[in-house]
Amino acid sequence: LTGLSSGVSSDSNRNTVGGTDSGSSLTTGSGNTLYGYKAGEDVTSGFNNTFLGDRVAPSLTDGHSNTVTGVEAGSALTSGYYNDLFGAYAGMSITTGDQNICLGSQAGKAITTGDNNALLGYQAGQLINTGRKNVAIGISALSSGTTGGNNSTVGYKAADNITSGSYNTAVGAYAGNNLTTG
């Protein structure tokens, strides 16, 4: 294991790196903690990022204040900021989206540029891509949403058929499952 044999290193910019290719592009970035195979591999000027896991946020260059943990979580992230992504494949398609919270395997998996989403639970909001300001709490809650915004869902598969609807509230298991674009 190359990363372990080469050890963990820190620099004068408060970057701490451990793992094969993690932080290998750092130039002016500071305050980054990058652990795992290719974790933060392309970070150049990004700052205050914490990445832990296999191929976590390898494409981020100048984003800041992101916390990402889990295999391939945030793997497309290039310049987003204040994203908190926890779980395998959580927020893996976010490129420039900001201020997203994805907690759970595959939560927010398809977000690209959407921002201000709070998605908690396995596959919560997994197909949201450009949707903004959505809250989904529960397994597969709001899981079909793509472009809708300002939806609030709580419960197992709550509003999981909404694709482009906005300003909906669904509370309870399967609540709002007849909604698609409303």
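A residue counts as partly exposed when its relative accessible area lies between the buried limit of under 20% and the exposed limit of over 50%. Y156, with a relative accessible area of 38%, is therefore partly exposed. The model discussed here is predicted.

- In general, the strands of a sheet pair through backbone hydrogen bonds, in either a parallel or an antiparallel sense.
- Three bridges join strand 1 to strand 2 (residues 16-18), and this pairing is antiparallel.
- S9 has V17, in strand 2, as its bridge partner.

- Residues up to four places away in sequence aside, F51 touches T33, L34, Y35, A39, G40, V43, V56, A57, L60, N66 and V68.
- T33, one of the residues that F51 touches, is found in strand 3 (residues 33-35).
- The relative accessible area of T33 is 27%, so this residue is partly exposed.
- Apart from neighbours within four places in sequence, T33 is in contact with T16, N49, T50 and F51.

**Aromatic pairs**

- The model contains two aromatic pairs, counted with ring centres within 6.5 Å.
- In the pair formed by Y81 and Y82, the ring centres are 5.5 Å apart and the planes stand at 80 degrees; the pair is edge-to-face because planes over 60 degrees apart fall in that class.
- Y81 is partly exposed, at a relative accessible area of 30%, and Y82 is partly exposed as well, at 43%.
- The rings of Y156 and Y174 have centres 5.4 Å apart and planes at 85 degrees, so this pair is also edge-to-face.
- Y156 lies in the loop between strand 10 (152-154) and strand 11 (169-171), whereas Y174 lies in the segment after strand 11; the pair therefore ties together parts that are 18 residues apart in sequence.
- Y174 has a relative accessible area of 47% and is thus partly exposed, as is Y156 at 38%.

**Loop between strand 6 and strand 7**

- Y89 is found in the loop between strand 6 (84-86) and strand 7 (101-103), and Q99 lies in the loop between strand 6 and strand 7 as well.
- The phi angle of Y89 is near 65 degrees, a positive value in a residue other than glycine.
- For Q99, phi is near 55 degrees, likewise positive in a residue other than glycine.
- Y89 counts as partly exposed at 31% relative accessibility, and Q99 is partly exposed with a relative accessible area of 34%.
- K109 lies over the face of Y89, at 5.9 Å from the ring centre.

Key: Residues are numbered from 1 along each chain as its sequence is written. This is a predicted model: local features need pLDDT of at least 70, side-chain atom pairs count only at pLDDT 80 or more; totals for chains, interfaces and linings use all residues. Side-chain values use heavy atoms; hydrogens and water are left out. Rings of Phe, Tyr and Trp (its six-membered ring) pair if their centres lie within 6.5 Å; planes under 30 degrees apart count as stacked, over 60 as edge-to-face and the rest as tilted. Buried means under 20% relative accessible area, exposed over 50%, partly exposed in between (1.4 Å probe, protein chains only). Helices (H or I, at least four residues) and strands (E, at least two) are DSSP runs, numbered from the N terminus. A charge sits over a ring if NZ of Lys or CZ of Arg is within 6 Å of the ring centre and within 35 degrees of the ring normal. Contact means heavy atoms within 4.5 Å. Two strands pair if DSSP finds at least two bridges between them.
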